[in-house]
Amino acid sequence: MQAAIEVEELGKTFRVRTRRQGRGGALRDLFATETREVDAIRGLTFRIDPGERVAFVGPNGAGKSTTIKVLSGILHPTAGDVRVLGLVPWRQRRQLGFRIGTVFGQRTQLWYHLPAGDTFDLLARIYDQDAAVHRRRRAHYVEAFGLGSLLDRPVRQLSLGERMRCELVASLLHEPEILFLDEPTIGLDVTAKAVIRDLIRDESRTTGRTLLFTSHDTGDMEHVCDRVIVIHRGQLLLDQSVEALRRGYIGRKRVTVKSEEERLDLELPGVRVVARAPHSTELDVDVARTSVADLVAAVLARVHPLDLSVEDPPMEEIVRAIYSHAEAQP
Amino acid sequence: MTATATEHRPGLPGGKYLAIAHIAARQAVEDRAAMVGRVLFQGLILLIFSRLWTVVIADGSLGSHSMRELLWYLAITEWVVLSPPLIHLEIEEDFRSGDVAYRLPRPVSYLGSRIAEGFGTMAVRGSALAVSGFVWASLLSGGLPPDPRGLVLVLPLGILAASLAVVCIAGVGLTALWLQDASPAYWIWQKANFLLGGLMIPLEFYPAWLASIAGKLPFAAMVHGPGHMAFGFAPDRALATAGALLAWGAVITLAVAATSRAGLRRLDVNGG
């Protein structure tokens with residue numbers, strides 16, 4: 001079976017301008033620039049089979065976006081070999097363009113003053129779609145993504161969640177075999193995040209579309225993906241199933257309780273206080289030992305909560321844990 | 001449900017770019033604030049110059065040109081330079097923000113799509129500015145130019161000139177690939193139009209040596225060429241200007257395309 005994505009010993013080095021110190025340095029910078037090389041990716045190797053839903057995660061500056069840009073043909077690698085659907089992305093970008101889709105959470109491909117449907121129709125022209133096929137697909141996605149009532153409104157009047165649903169449809173209309181998603185839930189509220197995650201997961205399950213999903217949000221990868229690749233400083237740190245990662249690193253929640261009482265004391269298995277201030281307590285909870293429901297019940301039995309939030313631990317913390325674990329290995 | 005080859009139906013060559021120009025034109029119609037801003041700015045410039053010419057030209061003429069002709073000249077040159085959208089800012093932002101990551105994987109030329117958007121927006125803004133310019137100039141100068149037949153020639157020349165300006169502004173935007181900021185190049189472009197194009201003052205009033213140099217450059221063909229039609233019906237001169245615009249158009253389009261290819265080769269998109 002041909003891999004959807006094959007990456008072997010990928011390396012990407014950027015040349016970054018450095019500035020000399022002082023006025024003399026600034027003057028010299030005008031005539032001769034000094035540069036230094038920064039390794040964004042180093043010796044990265046992985047393979048993704050068709051239909052896999054893979055979370056591609058790491059802290060800021062890990063090299064996630066750079067890798068996706070190499071895979072979509074935008075950047076030329078400095079070293080290594082890459083095949084996406086059997087094509088070399090940077091040499092066959094135009095051919096690859098018909099077979100991949102991209103969604104960047106912080107960017108938009110929708111025309112701001114026009115209804116999203118106009119962008120959909122334009123993309124059909126750009127991707128050389130047969131008009132009848134396009135009409136059928138458009139109707140399908142409009143229904144599946146619940147866009148019916150949004151299609152007549154200019155994009156500028158849509159909420160971020162509504163806009164992201166439109167962005168997804170815009171990227172799916174040419175039926176790409178691989179969808180690259182770069183932080184598609186960034187900035188969304190809890191409800192909108194849940195809707196987007198469900199839509200992405202269900203659509204991929206139904207169509208067998210391959211997903212490569214980058215996010216800082218552990219919830220994204222837990223809800224959408226089956227496998228996770230963690231990179232750190234441009235290198236592969238971990239490649240395993242989300243289930244294994246959940247058992248090892250993400251079976252924890254961060255719970256913050258604000259209470260009328262100045263202090264909250266709890267003694268439950270797997271629960272420890274990580275920060276404390278008057279009327280506020282932050283707890284780290286191992287949900288395998290104490291469930292969130294049990295914890296909330298225990299909190300309600302002891303104090304009168306004014307506010308209570310349950311969050312996933314930050315990605316940086318998970319990567320730190322994985323990294324320290326990897327370093328501790330002989 | 002993934003795409004099959006039979007569902008791809010390549011359309012007419014250029015059809016994608018026409019579609020892009022069309023949607024950009026529709027967006028320009030909806031973006032009324034930008035349109036109204038330009039129309040008001042156009043009126044303000046013409047108002048200021050109409051007052052200025054009144055003071056400077058005490059006897060009602062400058063050289064062989066009347067105040068009315070000079071104001072119509074300015075209305076035409078302003079129309080040409082205000083019609084093209086500032087696509088250099090969008091191109092700069094594409095590279096600065098990484099938006100180019102969305103555009104490059106598409107099966108369409110990045111530069112071609114940006115220029116097509118520029119043409120679409122220009123079509124709408126240019127139409128609105130043509131009407132408003134006509135009204136402003138008629139009101140402020142007190143009527144039509146002495147030989148209004150020249151205005152018939154302004155339309156094709158102005159469209160050619162503004163189209164060439166869109167390509168030039170795209171080239172200005174591409175300098176951001178090297179400089180990270182397109183504003184220095186845009187500043188030079190603006191001043192070149194102003195000084196070498198004869199935006200405010202016709203080249204006839206320049207020292208002979210400067211007028212001769214300016215006349216050999218594309219700025220004069222773009223700005224002074226259409227503007228000169230305010231001074232009378234001159235089909236031969238209009239034909240020569242159109243020829244110059246087409247020749248410069250070919251040269252500049254090739255240069256901008258080569259710049260784009262070179263720039264995209266060395267592209268290091270922000271992020272990682």
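Q: Which elements of chain B do the buried residues of α11(B) pack against?

A: The model is predicted, so local features need pLDDT of at least 70 and side-chain atom pairs count only at pLDDT 80 or more, while totals for chains, interfaces and linings use all residues. Residues are numbered from 1 along each chain as its sequence is written, and chains are lettered from A and ligands numbered from 1 in the order in which they are written.

Helix α11 of chain B covers residues 218–227. Helices (H or I, at least four residues) and strands (E, at least two) are DSSP runs, numbered from the N terminus. Of the 10 residues in α11(B), 10 are buried, so this helix is largely enclosed by the rest of the structure. A residue counts as buried if 20 or more other C-beta atoms lie within 10 Å of its own, as exposed if 12 or fewer do, and as partly exposed in between, with C-beta atoms placed from the backbone. The buried residues include B:Phe219, B:Met222, B:Val223 and B:His224. Also among them are B:Pro218, B:Gly225, B:Pro226 and B:Gly227.

The buried residues of α11(B) pack against α3, α7, α9 (183–195), α10 (208–215) and α12 (235–265) of chain B. Contact means that the C-beta atoms of two residues, placed from the backbone, lie within 7 Å.

Two of these partners, α3(B) (residues 67–82) and α7(B) (residues 150–174), also pack on each other, at an angle of about 35° and with their axes 8 Å apart. The axes are lines fitted to C-alpha atoms, for helices over the stretch in contact, and angles run from 0 to 180 degrees between N-to-C directions. On the α3(B) side, B:Ile76, B:Trp79, B:Val80 and B:Val81 take part, and they meet B:Val154, B:Gly158, B:Ala161, B:Ala162 and B:Ala165 of α7(B). The residues of this contact divide into 8 nonpolar, 1 polar and no charged; Ala, Val, Leu, Ile, Met, Phe, Trp, Tyr, Cys and Pro count as nonpolar, Asp, Glu, Lys and Arg as charged, and the others, Gly among them, as polar.

B:Ala165 is also one of the residues with the most contacts inside the largest nonpolar core, which has 150 residues. Such a core is a set of buried Ala, Val, Leu, Ile, Met, Phe, Trp, Tyr and Cys residues joined through C-beta atoms within 7 Å. The largest share of this core, 15 residues, comes from α7(B).
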